[in-house]
Number of protein chains: 2
Amino acid sequence: MENNALLELDNQLCFALYACAREVTKLYRPFLDELGITYTQYVTLLALWEKDEVPVKELGRRLYLDSGTLTPLLKKLESMKLLRRDRDPQDERSVIVRLTDDGRALKERAAVIPERVFCQTSLSPEEIASLRGQLQQLTADVHTRSCEGSRD
Amino acid sequence: MENNALLELDNQLCFALYACAREVTKLYRPFLDELGITYTQYVTLLALWEKDEVPVKELGRRLYLDSGTLTPLLKKLESMKLLRRDRDPQDERSVIVRLTDDGRALKERAAVIPERVFCQTSLSPEEIASLRGQLQQLTADVHTRSCEGSRD
DNA sequence: CACAATTAAATTGCATACAATTTATGTGGT
DNA sequence: ACCACATAAATTGTATGCAATTTAATTGTG
């Protein structure tokens with residue numbers, strides 16, 4: 001069968017995604033180091049700055065992460081005094097995540113990060129928006145199909 | 001400062017990438033399970049099926065991975081008899097990775113995977129190629145800038 | 001030739017990811 | 001009330017990622 005083009009690394013959308021996501025994430029390192037947080041902690045905070053007081057379950061749906069990843073991550077952020085985790089009195093199975101004052105305050109310092117990172121790429125705002133849209137579409141598409149029949 | 005649109009999760013290209021890469025990777029699970037390999041092992045094999053007998057360093061450049069990730073991964077693949085790792089007699093610092101017969105044979109079984117995965121998306125081949133191209137461009141762009149002055 | 005600087009892997013330590021299982025809690029039907 | 005089933009976190013185990021350090025080998029220079 002010779003050289004199967006279908007199996008070439010540079011023909012794989014999955015590898016382009018995998019490599020690109022990691023390289024772009026690395027751009028955030030220097031800025032996040034200043035705040036003392038990791039990239040995953042950063043996106044978790046982004047979600048919370050947008051909507052606070054949410055159950056772990058909902059946060060997981062938003063971030064596409066499960067409790068196996070979120071539980072230790074949220075405990076870490078709690079130990080850093082950026083948020084609190086309390087059982088929901090209405091439903092003791094659920095844990096509600098709430099930002100502390102420190103957690104909310106960090107938003108001010110994070111506000112400049114997106115611009116700083118954009119400046120390190122040659123993409124125009126339009127190109128960024130377009131690419132982002134395509135990725136969101138694909139993510140939703142893939143996620144929906146892998147949850148066929150599920151409700152999450 | 002109210003609702004800062006710049007910090008909204010859905011406005012972040014980085015999060016779109018991060019989420020999409022993980023969701024797409026999950027599509028490979030069932031197929032890779034049949035081969036008994038993980039996703040990272042799969043892309044490593046893709047690189048080796050394309051070009052065998054390469055130093056770890058070169059493989060790392062190709063995959064955007066460093067020895068901290070590759071060393072244990074390659075040892076695992078070696079323990080699975082899919083490849084061998086030998087010091088380069090010309091330069092004992094370097095380790096050359098070579099597929100075994102088993103490793104080469106696995107390519108046949110992997111050949112159907114890309115098509116199978118594509119079928120689970122609603123993207124046309126043209127859309128896939130376009131998206132892939134944009135991601136490769138961005139990856140190269142970002143990587144080049146973060147290596148400013150470096151030679152790798 | 002000596003030796004400082006480089007370089008390639010390996011190692012160490014920390015933080016994810018995620019499947020699978022477990023634990024605790026809630027819910028619906030009888 | 002009882003209980004099978006469902007649900008949310010937490011836990012467990014494995015495999016990454018990656019920065020930083022260490023070890024071994026090579027190279028450039030005087």
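B:Asp88 stands opposite B:Asp91 in β3(B). Strands here are DSSP runs (E) of at least two residues, and helices are DSSP runs (H or I) of at least four residues, both numbered from the N terminus. The model is predicted, so local features need pLDDT of at least 70 and side-chain atom pairs count only at pLDDT 80 or more, while totals for chains, interfaces and linings use all residues. Residues are numbered from 1 along each chain as its sequence is written, chains are lettered from A and ligands numbered from 1 in the order in which they are written, and side-chain values use heavy atoms, leaving out hydrogens and water.

## The sheet of chain B

Strand β2 (residues 83–88) of chain B pairs with strand β3 (residues 91–99) of chain B. The sense is antiparallel, and there are six bridges. Two strands count as paired if DSSP finds at least two bridges between them. B:Arg85 has B:Val97 as its bridge partner in β3(B). Two residues lie between β2(B) and β3(B), and the strands form a hairpin.

Strand β1 (residues 54–55) of chain B is joined to β3(B) by two bridges, again antiparallel. Here B:Val54 has B:Val97 as its bridge partner. Together, three strands make an open, antiparallel sheet in the order β1-β3-β2 (chain B). The edges are β1 and β2 of chain B, each pairing on one side only. Helix α2 (residues 39–50) of chain B packs on this sheet and touches β1, β2 and β3 of chain B. Its direction makes about 95° with that of β3(B). Helix α4 (residues 67–79) of chain B also packs on the sheet, touching β2 and β3 of chain B, at about 125° to the direction of β2(B). Touching means contact, with heavy atoms within 4.5 Å. Axes are lines fitted to C-alpha atoms, for helices over the stretch in contact, and angles run from 0 to 180 degrees between N-to-C directions.

## Chain A: layout and sheet

Chain A has seven helices and three strands. From the N terminus on, its elements run α-α-β-α-α-β-β-α-α-α. The C-alpha trace of chain A spans about 60 × 40 × 25 Å along its principal axes.

The three strands form an open sheet in the order β1-β3-β2 (chain A), with antiparallel pairing. Strands of a sheet pair through backbone hydrogen bonds, either parallel or antiparallel. Two bridges link β1(A) with strand β3 (residues 91–99) of chain A. In β3(A), A:Val54 has A:Val97 as its bridge partner, and A:Pro55 has A:Ile96. Helix α4 (residues 67–79) of chain A packs on the sheet, touching β2 and β3 of chain A, and its direction makes about 125° with that of β2(A). β2(A) and β3(A) pair over six bridges. A:Arg85 stands opposite A:Val97 in β3(A). A hairpin joins β2(A) to β3(A) through two residues.

## Where the chains meet

The contact takes 61 residues from chain A and 61 residues from chain B. The area buried between the two chains is about 6100 Å², with 67% given by carbon and sulfur atoms. Buried area is the accessible area (1.4 Å probe) that two parts lose on being put together, summed over both.

Two salt bridges cross the interface of chain A and chain B. A salt bridge is a side-chain nitrogen of Lys or Arg within 4 Å of a carboxyl oxygen of Asp or Glu. One of the pairs is A:Asp10 with B:Arg62, at 3.3 Å, N to O. The elements giving two or more residues to the side of chain A that touches chain B are α1 (13–35), α2 (39–50), α3 (56–63), α5 (101–110), α6 (113–118) and α7 (125–146) of chain A. The largest share, 15 residues, comes from α1(A). By class, this side of chain A has 34 nonpolar, 13 polar and 14 charged residues. Ala, Val, Leu, Ile, Met, Phe, Trp, Tyr, Cys and Pro count as nonpolar, Asp, Glu, Lys and Arg as charged, and the others, Gly among them, as polar.
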